[in-house]
Structure formats: structure tokens, C-alpha cells
Amino acid sequence: MNCKSEEILSKFGSGLFLLVQVVMLLDFTNNWNDSWVEKDEQKWEIALLVVTVICYLATFAFSGVLFMWFNPSDHDCGLNVFFIVLTMILAFVFAIIALHPQVNGSVMPASVISVYCAYLCYTSLSSEPYDYACNGLHMHPKQVSMSALVLGMLTTVLSVVYSAVRAGSSTTFLSPPSSPRSGARNPLLADSNVEEGKGSSEGSEPRPVSYSYTFFHLIFALASMYSAMLLTGWTSATSDRSELMDVGWTTVWVRICTEWSTAALYIWTLVAPLLFPDRDFS
């Protein structure tokens, strides 16, 4: 496989990893919310409220900071303003849909997704070329480039770790359907001794956990491709480019499309049960 083919494969794998990362985030927020709601205690309800308020305050405060950084008063920065305003609108849309009486949603996951979208908006805008007049961080290009790289690597590591944990979880979509940890409440095959009324101690013996090694190694491979794209700014390593990492218009649009994909997937998880009431989305 030549370098060009490897570059194309890495770009495709990186895009797929970003989508998987979004699905993991949705899975994490929903499980987090469900675990606290199931406790059915006032202190956990207050904790949910506190997390929700903090996340929304952080979202809109951060959006205000983005306006100051990426919308200089002496330049026409319509594209940046569009990205930031759309991010704020999406935060409102998440809350409105989640609180709709016909939607089985919660405002806490909506607030967490809003913060993540604001973060993606920042990483997108901070990746704009530093000779672009609307990039207010052009005075510290290397520091911003390195911080964006570190944050990208951190989210990558967290995604890999989470995939490893969820691959053996009883409620995960990462385990194979035949796995005893795949979330099925009923055994795949009924014990013949139980059906015949013959109590057997063998039925109570623990079964080995089936771990989804294939999925974990797939995630690890995709994460490696994504790390390579972070280091090369989603361009060819042999191309004429600056020494700054994760900077350029390609990176900008990859980041912003990831934000929009996150919003679309989250909204879909809320409205899908209404659009297809005959299907089980639990």
C-alpha cells in the first residue's frame, strides 16, 4: 500500500472514529443520567439539576468568549458568527426537544451535549489559519495549536478507555449479541433441567464473560488513524504546510461537521421513538 492509499484510508478511518466518538458520548450521557435517576433520591435529583445548570452556563459563557476571540470588531467575520450562533441555537433546540412532553428525554444529557458542541466549535475556529484576520488567537499560534492537539489526544484516549470498559459492560452495544454481557435479560438457551423441574447447581454457576476484543481493536486502530490526522492537520505529511499541527481549513470543516453530526445524532435519539413508535429503541 503506497503513501497516498494510506492517507486516504487514514482520513476515512478518522472520520469514522469521530462518529463513533459521538455515539460513545451519547451512550455515556444517557447512562449517566439513567444511573442517577434510578436512585430515586432527592440528593441525586439536585445533583442532576446542578450539573445541568453548570453545563448550560458554561455553554453560553464559552460562546460569549468565542465571540470575543473570533469576531473582531474591525473585520467582517460572518462565517465565524454563523458557527457560534448556530451552536447557541442548537443548545436551545436540545433543551426544547428534551423537555417536550411526548419525548422521553432529559435535560441533563442535553446540557452535556451542548457543552461538547461548544467545545467542537472552539476547536474548529481555533484551527483556522493564523493569517486569517478573524482568528483572534493569531498572536499565540504555537500555544493554541499545541493545546488543541493535547485536547484532541485526550478525548481520543478517553474514547479508547471507554470503549474498553463498555466492551465488557452488560448494557453495552459494543458486545456481540451472543455475549452474556450484551444486555439480554433472558438466557439465549433455556436450561433443560430447569424446564423439567430438575433443580441443578450447575445452573447457578457463573459463566465466562465474552469480551468484544474485535470492536476494541477496531476502535484502537481508528484512534491511531485519527491521531495521525491530528498531527498532520488532515493533509498529506509531504505537502507544503506550516509546522503548526491541527491547523487549516480542512481541520475547520472536519471539526464543524463533527459538531453538526453530534447534534443530528442526539436529536435523532430523541425523536426516533416518536417517528417509529412500533420499534424498540431502548
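This section describes the helical architecture, the nonpolar core and selected surface features of a predicted model.

The secondary structure of the predicted protein consists of eight helices and zero strands, giving the pattern α-α-α-α-α-α-α-α along the sequence. Of the 282 residues, 40% count as buried. The protein exposes about 16000 Å², of which carbon and sulfur atoms supply 65%.

The largest nonpolar core has 20 residues. Within this core, the residues with the most contacts are Phe94, Ala110, Ile113, Tyr266 and Leu270. Helices α1 (3-37), α3 (78-98), α4 and α8 (249-275) each supply at least two residues of the core. In soluble globular proteins, nonpolar side chains tend to be buried together. When neighbours within four places in sequence are set aside, Ala110 is in contact with Tyr56, Phe94, Ala95, Ala98 and Tyr266. Two of these partners, Phe94 and Tyr266, are themselves listed among the core residues with the most contacts.

Helix α2 spans residues 42-70 and contains 29 residues. The distance from its first C-alpha to its last is 42 Å, close to the 42 Å expected at 1.5 Å a residue. The buried residues of α2 are Leu48, Val51, Thr52, Cys55, Tyr56, Thr59, Ser63, Leu66 and Phe70. An α-helix has 3.6 residues a turn, so residues three or four places apart point the same way. Thr59, located in α2, has a relative accessible area of 1% and is therefore buried. Beyond its neighbours within four places in sequence, Thr59 is in contact with Ala91, Ser111, Ser114, Val115 and Ala118. The C-alpha atoms of Thr59 and Tyr116 are separated by 8.5 Å, although the two residues lie 57 residues apart along the chain.

Helix α4 comprises residues 107-126 and includes Ser124. Ser124 counts as buried because its relative accessibility is 0%. With residues up to four places away in sequence not counted, Ser124 touches Val252, Arg255 and Ile256. Helix α8 also contains Ala264. In contrast to the buried Ser124, Ala264 is partly exposed, with a relative accessible area of 46%. Ala264 and Leu90 are 174 residues apart in sequence, yet their C-alpha atoms are 9.8 Å apart in space.

Phe12 is found in helix α1 and is classed as exposed because its relative accessible area is 61%.

The model contains one salt bridge. Side chains of opposite charge can pair when their charged atoms come close. In this salt bridge the side chains of Lys43 and Glu41 meet, with an N to O distance of 4.0 Å. Lys43 counts as exposed, at 53% relative accessibility, whereas Glu41 is partly exposed, with a relative accessible area of 38%. The two residues fall on opposite sides of the exposure threshold because exposed residues have over 50% relative accessible area.

Key. Residues numbered from 1 in each chain as written. Predicted model: local features only at pLDDT ≥ 70, side-chain atom pairs only at ≥ 80, totals over all residues. Heavy atoms only, no water. Helix = DSSP H or I, 4+ residues; strand = E, 2+ residues; numbered from the N terminus. Buried < 20%, exposed > 50% of the residue type's maximum accessible area, 1.4 Å probe, protein only. Contact = heavy atoms within 4.5 Å. Core = buried A, V, L, I, M, F, W, Y, C linked by side-chain atoms within 4.5 Å. Expected span 1.5 Å × (residues − 1). Areas by Shrake-Rupley, 256 points an atom, 1.4 Å probe, with all protein chains shown as cover.
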